[in-house]
Amino acid sequence: MDTPLTRLGRTVPGHPLARHLGLALGAGAALYFLTSALSPYNDFEVGEIALYVVALSGLSLLTGVNGQISLGHGAFMAVGAYTVALLMNHTGANFVLELLAAVGTSAALGVVIGIPATRLKGPYLAGLTLLLALALPPIADKWSNTFGGDQGLTTTVPTAPGSLNPEEWLCWIQVLGALVTVVLLANLLQSRFGRSFRAVRDNEVAAALAGVHVARTKVLAFSISAGCAGLAGAFLGLSTGVVSTGEFPLTLSIQLLAAMVVGGTGTLVGMVWGAVLLVYLPQWSTSLSNQFGLGTGVNAYLATIIFGAFLIGAMLIAPSGIQGGLRWVWQRARGAMSAAGAATNVQHGVSQGST
Amino acid sequence: MLEISDLSVSYGAVRALSSVTLTAEPGAITAILGANGAGKTTLLRTVSGLVKPRSGSVRFDGEEMLGTAVERIARRGVAHVPEGRGVIEELTVEENLRLATLWCIGRRARGAAMAEILELFPALVPLRQRHASTLSGGERQMLVIGRALISKPRLLLLDEPSLGLAPMVTATLMAILRRQTEGSDMTVLLVEQNARSALSVSEHAVVLNLGAVVLSDSAAAVAANDELRHMYLGF
Amino acid sequence: MSLFINITLNGVSDGMIFAALALSLVLIFRATRIVNFAQGAMGMMTTFIASTLLNRGLSYWWMFVSVLVIGFVFGALVERVLIRPLQGRSELNPVIVSIGLLVVLEGLAGAIYGNASRGFPAAYSQSGLTVGHTKIAFSHFDVFILVAVLVVMGALLVLFRLTSLGLRMRASAFAGEVSRLLGVRVGLLLTLGWALAGVTGALSGLLVAPTSSFSPYFMDLVLVYAFTAAVIGGLESPVGALIGGLITGLAISYVGGYLGSGLQPVGALVLLIVALMIRPEGIFSRPPSRVV
């Protein structure tokens, strides 16, 4: 699929990995200058956007590319967050190892849920993951001694090097995490794994006949997306400084779904739009409700209502989300340009994967 | 009487019917013949309202049918037995039949109508309480034709009723069809790939090829036309 | 031993409530092949409206009847406005729309009614009945729950099995196009299916509210328990909803009684996974239909 991003990428010659790394480095550099210029609070927000990009990218892979719906990704985020918090409070382990552990535990839970999920179609899988989202937080409440109960567990960001202020440092950790995740996923999507994911989504029987191990593919997709959510959860725990069950209600899982759909299911770039929505919608809805003079009690709920409305609206009107809309515009523009007689690139038959 | 004028139907970019014009008289069976993909099924589905045409008109007894909802067309006395028979498997034979009577026959008369159809298809009698999923191909065909006839339709549309049936069963069904049509005021459109058996019971035949009418003539004339039979009908 | 009996009785009355909501899910799935994840939230909304009606001075039984009617209309509205436009597209879209609706309704309830915790009255006394000399964990209200759900179930069975309307509804659910060709007004009947589901959903809300926290989220767990019940019984079967409800209710009750209430949702999760692995089509499912 030809988009401005892939065309830009093709200016860097050679292997897809080199392309993705190049783009990531470019994005990284741009963000570096951006964050240096921004206030600490804005840095905090950029970091939040980054962590949601991680979570949403995993979800986009699972639902858009592999065709499995999940209403329970908030639970995987919780697992990652609690893993990091527990390790921080009880061990002095290396920070990167702690993050990897978060990815590991949530990926492991992803396998546990992914296995029964292989036999389930849409609504059944939705129901199962919905139950997961509701079932996990009470476990932490039950063993409140270990999990910190209502007040939760505290997290500490490792000290920033030199004169970097802590918000910028955390933002950088999160942005780096997002860049690494997106590069890895982009490569994965272009590899044979990506093809297997898509094949299983489109037609399980045909995929099996073509030699794809359907169940393994589905579990792998589930596990990877759960791992992404776990990393995002760990980052979220670092951002808020505290990990408690209140951070992971059912609404979080549904907001992730909504953000993915609005951003563009199946894409990676679209997840940036989705993450922006997740971070800024509460603020926008608060100012909206203030404008209309609705009480403060309404503010928290207004954001939820808008997310739900977006979800409904997207399904009814624009199922391919923002990124899909942008692609449509881009294709119209290209059509107009090539009609003007410019030399056209021959469209490759091989899918470019999603960016 | 059914009058189709200049009917054109497209599925996206694919032309399924091109300016089809034909007439079908009551009390007679009109066969619609042609190879796979000729547009025969599309024609029936357009008449019964399942498909919206691009242009043209379909008039039955002077009334325009296009643009009306499927269930309203059915209630005007149009019975369409679709491709694949359309047996409702999860219901019993009796429930399948009863379903067709609900809008047109008062409760008392339903029993009589049911009895009439069972007289026509006595093989269905022992099967009344059986789930339709357990029926054989021939039994299913009897069920759906019985279900179509029970509402005393003015226009009967049959899509490949002989498909998958043994020749003996086909012959019996065609004979029943012919007997029911003659002397009644029912108009029958019979779509068939098995042109031979269709021609043996129809008065009139229309041959479609790639969505257009290539011939419309009496059944006898079409059957006698060797060249045409070879080219479009395969025998 | 008496603990076991009380836990069992709890399980029965909980199970009946799950069965009521599971009935809604079954009704909609039979009519439209969709799982309506917003069904619990719809029941929550009608119960909040019920609370307002009671505050305005309406008597309990008038409120009861009114809320069932409101549930009926609500169900019909949701089908016409949100679900009908999605007909024919991917089967996942209506599921996602129902999730969106769930969230919108919870947000609306929170925004309109606020956070203040409130109680909701029960139709009858909630103190345990006395059998012999012991008080058991089954109250007048629990009897009411049992009777109400059985009555609704019975009415639905009569509707589906014995009436012409029920025959039309079943035909519409199994074979929409063929039914239309037979003159059945399929669209209207789909709306009716959703409307009836709205009634049973409203009923389950009224039955749950007295024993719950009565916040915008009070039906969330009930919904997933009802979903588990419906899956166990077979998403197409009203009787299955009842049996599945009882099984789920008892399972949850034992988990809660012996392991702690925090583990109940996990218990349901395990139960759901087991059910989906062993017999995903449910206990009372019909043989899979093939198109001939």
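Me: Across which strands of chain B does helix H1 lie, and at about what angle does H1 run to S2(B)?
Reply: Happy to start there, with the reminder that this is a predicted model. Helix H1 of chain B covers residues 40–47. It lies across strand S1 (2–11), S2 and S4 of chain B, and its angle to S2(B) is about 70 degrees.

Me: What is the strand order of the sheet of four strands in chain B?
Reply: This is an open sheet with antiparallel pairing. Its edges are strand S2 (14–24) and strand S5 (63–64) of chain B, each of which pairs on one side only.

Me: Nice. Which residue is the bridge partner of B:Phe60 in S5(B)?
Reply: Strand S4 of chain B spans residues 55–60 and pairs with S5(B) over two bridges. The sense of that pairing is antiparallel. Within S5(B), the partner of B:Phe60 is B:Glu63.

Me: Now the sheet of six strands in chain B: which are the edge strands?
Reply: The six strands form an open sheet, in the order S6-S7-S8-S3-S9-S10, with mixed pairing. The twist averages 15 degrees from one strand to the next. An edge strand here pairs on one side only, and that describes strand S6 (78–81) and strand S10 (212–218) of chain B.

Me: Why is chain B as compact as a globular protein of its length?
Reply: Chain B has nine helices and ten strands, and its C-alpha trace spans about 45 × 40 × 35 Å along its principal axes. Of its 235 residues, 46% count as buried. The globule rule gives 18 Å for 235 residues, and chain B is close to that, so it is as compact as a globular protein of that length, with a radius of gyration of 17 Å.

Me: What radius of gyration does chain A have, with its 355 residues?
Reply: Chain A has 15 helices and two strands, and along its principal axes its C-alpha trace spans about 65 × 50 × 45 Å. A compact globule with 355 residues would have a radius of gyration near 20 Å. The value for chain A agrees with that: 21 Å.

Me: What share of the contacts in chain A with a separation of 6 or more comes from residues 24 or more positions apart?
Reply: For background, 52% of the 355 residues of chain A count as buried. In chain B, residues 24 or more positions apart account for 69% of the contacts with a separation of 6 or more. The corresponding share in chain A is 79%.

Me: Which chains share the most contacts?
Reply: Chain A and chain B do not touch, and their nearest C-alpha atoms are 20 Å apart. Between chains B and C, 24 residues of chain B are in contact with 21 residues of chain C. The contact of chain C with chain A takes 40 residues from chain C and 39 residues from chain A. Of the two pairs of chains in contact, the one with the most contacts is chains A and C.

Me: Which helix gives the most to the side of chain C that touches chain A?
Reply: That side is made up of 29 nonpolar, eight polar and three charged residues. Helix H4 (93–113), helix H9 (220–233) and helix H11 (264–278) of chain C each supply at least two residues to it. With 14 residues, the one that gives the most is H4(C).

Me: How far does helix H5 of chain C reach from its first C-alpha to its last?
Reply: Helix H5 of chain C runs over residues 140–162 and has 23 residues. Among its buried residues are C:Ile145, C:Val149 and C:Val152.

How values were computed:
Residues numbered from 1 in each chain as written. Chains lettered and ligands numbered in written order. Predicted model: local features only at pLDDT ≥ 70, side-chain atom pairs only at ≥ 80, totals over all residues. Contact = placed C-beta atoms within 7 Å. Nonpolar A, V, L, I, M, F, W, Y, C, P; charged D, E, K, R; others polar. Rg over C-alpha atoms; globule rule 2.2 N^0.38 Å. Buried ≥ 20, exposed ≤ 12 C-beta atoms within 10 Å, placed from the backbone. Expected span 1.5 Å × (residues − 1). Pairing = 2+ DSSP bridges. Axes fitted to C-alpha atoms, helices over the stretch in contact; angles between N-to-C directions.
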